[in-house]
Structure formats: structure tokens, C-alpha cells
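Please keep the sequence and the model in view while reading.

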Amino acid sequence: MSLMVKKVTKRTGLYALVVVVLVFVLFVPFFMIATSLKGPMEIQQGGGLLPQEPTLDNFVKVLAATELPQMILNSLIVGLVATGVALVLGLPAAYAIARYQRDRVGTAVVLVRAVPAISLLVPYFVVFANLRMIDTYLGLIIAHTMLTVPLLTWLMVGFFRDLPSDLEDAAYIDGATVFRAFISVMIPLSRGGIAAASILSFIFSWNNLIFAAGLAGSNTQTVPLVAFKFLSFESIQWGPIAAAATLVSLPVIVLAMIVQRQIVAGLAGGAVKE
Amino acid sequence: MQKLTTSPPPGPSNAETSPRYVRGGGNAGLIKRRSPRPSAKWYVWPAVGYVSLIVAFPILYSIITSMKENTAGGLFEGPWVGVENYWHLLAQDSQFHNAIVNTLYYSVSSVVIEVVTGMVLALILTQQFLFRGIVRALILIPFVMTPTAAALIWRLLMGTNGGYFNSVLESLGVGAVPWLSDPGVVIPSLVLIDVWQWTPFMAIIFLAGLVIIPEGLYEAASIDGAGGVRKFTSITLPLMVPIIVVAATLRATDALKAFDHIFILTGGGPANSSELLNIYAYKTAFEFGDMPYAAAVSVTFFVLVIAAISVILFASRRRKA
């Protein structure tokens, strides 16, 4: 009987821990969404976490009063192109690193992450200012490729290493060129990994603040910059702030959940295989 | 277009263990199989070339810029002052020294705490429980959520007057905490946010390492009478050390460069108590407009990050030997 009690206690303890984990992880997004649906009266009164009378007013306010729609477009353009560049450069590079043991190159690409963004931002700003490239998509995209290329390469090396080389060998026996093998065998096989790596790169581009703060102007503001509209200390408007945060972060959260399994595999693989 | 439909030959499924020697021909029955794989080593060159250009060139440019004096005329106009900016920075700039201390305080705390919380979370996730798959997916959220958006919410939560945390604490009778307004509390609060954001990342990496450990080791230990804690310290931890080092290094490279939530929540305040190197460099460039000095700060920052990573790697190599 005592063994049974021990077991039940252990199970309860485990589930209690799981609940703690869930609260820890989910409280912030939950609070964000709940607050974004509350009208100003409710917020004044305090009340509980959940909105009694949910309303979309805050979203309307944010979309109308800030330039958020334009900012979303800008972030999309910059993110997609930066990810595209990462794919074109990074997939072949990851293939060479994984299949041809170019490990030192692999380490070098990863070391690039050690460069603080500000160390790049200052020269980028100076150079771009001289070339009149501030507040252009091109400038922002170049800066963002510093985020996407190393990340995507690092993730794809892990995915490529996991694939058996049998099918490629079969292709070579058939007389295929490396390029054929790469395009017709490796890439289709690693679709999941490519999707995850691309989405994660896009997410990091979308989330980036520092390059936008330095290099974007009124035409190319990206999404994180919307925060600056809410930083005045006079009146903190909870509803609109939460609505803005929701609009900014919900797309990437949804994207991540779609490929979450591959993201987890990629992160784990990239790190454990070092 | 020719379709590739041959079925793969049977045998080991890994490039490293494919047999190089197969039966056939002379040489006592073994010939070296000519590797059918043509070389594609050059596939790295586009990426390497591009990244080198986009990184090396700016760093060089930074170094040159940092050796000039700040003038209104534009960067190439200023007189050459050599290492004067660096001298001022290292010897006389107390704000810089303050930034270094803050950065070290923040990064070391974050990484150490995250190794612990990441390991705890990973251990929880190795257990079997209902909806484990969903939980594993949900923990990604803090990691991918736009830090700026999260910072806005943290502001609502941690604001000293009327922030959600404080109103809850007050209603419980505990009293308000000056999360972001007290110089002594502000960095721990920012570290808390960092821990929230990055623990899942660490947990995912640790989880990958934990599942590799063979069950047999634990069973043998149980037979010998070892309890849970003993199993952890004598089996799990020693085997996980390499992965902990990798995760800690990865995390440290980013923690040293922390920017987003700090910039949004405190802007380096109150009274520069949360001003980390990144923020100091940014302010020097974009609020004070002193590009050469900012270049000096950012080059020094870069050197410091490389040094910190080298120290970590060096320390871990020595432990292995």
C-alpha cells in the first residue's frame, strides 16, 4: 500500500511541476491576449485576468493610429528576402560542411554570431549614410542577412548530417552531378528541416530591433519599432499596448507552432552535434 | 528529365562508414571502391565570401573610424587621432566601466540560472505525462515571441506604480517591489525576463542530450541501490557536461549582447544601473552622435565577447584533459 502512495505522490508532484512550467511559460502571452481584449473601463477597474466584455477596440485603435500595417509589410519584405538569401547561400554551404567535412568553415560561420550587432550597426550606419542607403529595404536586408545566413547554415548542417547518404550514392552511380544530387535528392528529403530553418530565420529577422532602430526610417520601419510609440510615461494605455504586442508577436508564434517539431529537432541537432 | 529510381544498395547508411573496400578483382579480393562522390567543397564559398564581406569589411571600417576624431563634417573629414579614443575609453570613461560591470553581472547570472532551470525543465520533459507533446511545443513560445512585444507586456507587469505584479502583491499584503525603478533590483528583474525567454532553449538542447543516455546505466545503478539524486550526480551530470558547455557558450554569446528588452524597459536606467555595453554603444552612436567613439566602443565590445568565449572554451578544454 505504501508503494502505491509513493507512486501517487510522485505522479501528483510531477503534474504539479508541469502546471508550474505551463504557468511560467504561458502567463505572459495569456496576459497579453487577455488584456488586449479588455475595454478601457475594465482596465480602470482592475478586475480579474479575463475580460468580462471582450472587445476588439484596442486592435482597431492600434491599426488606425500607428503605421502598423505598413510596418508589417516592411517586416515581411525584409524577412522574406533575408531568408531567401540565407537559403541560396546557406543550403549549399551546409551541404558542403555536412558531406565534405568542411568543419572549420562551419565553425567560422557560427563564430560570426559572436559579433555583437552594434559592432556591425555602427559601420553599417556610416557606410549606408554615405551611400544614401538609410531607410531603404536594401540596407535593412543586408543587415538582416547577418542574422539569417549563419543561423540557417548552422541548423541545416545538423539536418543534412542526419540524412543517410545512400540515395545520393545511388544517384552518383547513375551518373548524376553533385548539383543534381543536391537538388533532386537532398533538398526534397530535407524539406521539413528546410521549412523549420527558414521559418526560424524569418522569425529572428521579424523580431530584430537593433538593426531597425539604427537603419530604418519612416518608410521602412519594421514591426518591433512600434514599441516606441507606447513608451511615453504620461499615460500607459494597457489595452492598446497589449493589442500592439499581440499583433507583433502572434504571427511568429503561430508560425513556430506549425513547424515546432522540426524547430526542436533543428536546435537540438545543431547544438548537440558540435 | 531522367528520373532517379534506382533503389539504394544495401549496407551502412552513413557517409563515414560506407565501405571503401569491396570484394572484386585482384589484390587478394579487395579493391578500393572509387568514391562516386564528386567534389562540391566549393559550395561553401558563396556563403563564406558574402559573410566575410559583410562582416570583415564593417569591422575594419569600424577600426579605422574609431581612430578619428568626431567632427560634424563627415567621417572622413576628421583628423587622425590614433588610439586616443581607446585610451579614453579604457582609462577614463567610468560609464564604460560601469557598462562592463553591468554586462558581466547580467550575463553570468543569466547563463548560470538558465543552465539550472534548463536542466530542471529538460528533466521534467523526459518524464511521461499526458499531453507531453503539446507541452514540448508550447515551451517554444517565450523563445520565439518577439522580445519587443514581450518587453511591452513585461512593462505592464513590472511597472512600479500600477503594474500588474505589484497590484497583486499589494492585494496579498506583501507590498510592491520596485522591479524596474530601483538600481539594485533592476538587473535581477531583467535577468528574470531573460530566464523566461531562454530557459526553453536550454531545455531543448539538454533534452537532446538526456535522451541519448542509455537506460541500462540507470538500471545498473538502481540495482546497486542508488537513489534518484545519486543517479543524477554520478551518471547524468558527468555525461551532460559537454552539452552544458555548448549550451552555455551559445547562450553566453547572446547574453553578452542583450539589448531589446533592456532598451525598451529601462533604456539603461535608472541612473545607468542597467546600461549594458550594447546599450552604451548604441547611445553613443545614435543619441550622442559620436560615431568614432561609438566605433571604438563597439570594437572593444567585440574583442571582449571573443575573449569571454575563448575563456569559456579554454576552461572547458582543460577540464576535459
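The side chain of B:E114 reaches the backbone nitrogen of B:V195 at 3.4 Å. This is a polar contact, meaning a pair of N or O atoms within 3.5 Å; within protein, one must be able to donate a hydrogen and the other to accept it, and residues adjacent in sequence count only if both atoms are side-chain atoms. The model is predicted: local features need pLDDT of at least 70, side-chain atom pairs count only at pLDDT 80 or more, and totals for chains, interfaces and linings use all residues. Residues are numbered from 1 along each chain as its sequence is written, chains are lettered from A and ligands numbered from 1 in the order in which they are written, and side-chain values use heavy atoms, with hydrogens and water left out.

B:E114 belongs to helix 3 (residues 94–126) of chain B; helices are DSSP runs of H or I with at least four residues, numbered from the N terminus. With a relative accessible area of 0%, B:E114 is buried (buried means under 20% relative accessible area, exposed over 50%, partly exposed in between, with a 1.4 Å probe and protein chains only). Not counting residues up to four places away in sequence, B:E114 touches several residues, including B:D194, B:W198 and B:R251; contact means heavy atoms within 4.5 Å. B:E114 and B:R251 are 137 residues apart along the chain, yet their C-alpha atoms are separated by 8.8 Å.

## Aromatic rings

Over all chains, the whole structure holds 28 aromatic pairs. Rings of Phe, Tyr and Trp (its six-membered ring) pair if their centres lie within 6.5 Å; planes under 30 degrees apart count as stacked, over 60 as edge-to-face and the rest as tilted. The ring centres of B:W198 and B:F201 are 5.3 Å apart and the planes are at 90 degrees, so this pair is edge-to-face. Both residues are buried, and they lie three residues apart in helix 8 (residues 183–210) of chain B, about one turn of the helix.

The charged end of B:R251 sits over the ring of B:W198, 4.0 Å from its centre; this requires NZ of Lys or CZ of Arg within 6 Å of the ring centre and within 35 degrees of the ring normal.

## Positive phi in two loops

Most residues other than glycine have a negative phi. A:R132, which is not a glycine, has a positive phi of about 55 degrees. A:R132 lies in the loop between helix 6 (117–130) and helix 7 (137–162) of chain A, and is exposed at 74% relative accessibility.

In chain B, the loop between helix 3 and helix 4 (132–138) contains B:F131. Its phi is positive, near 65 degrees, and B:F131 is exposed, with a relative accessible area of 59%.
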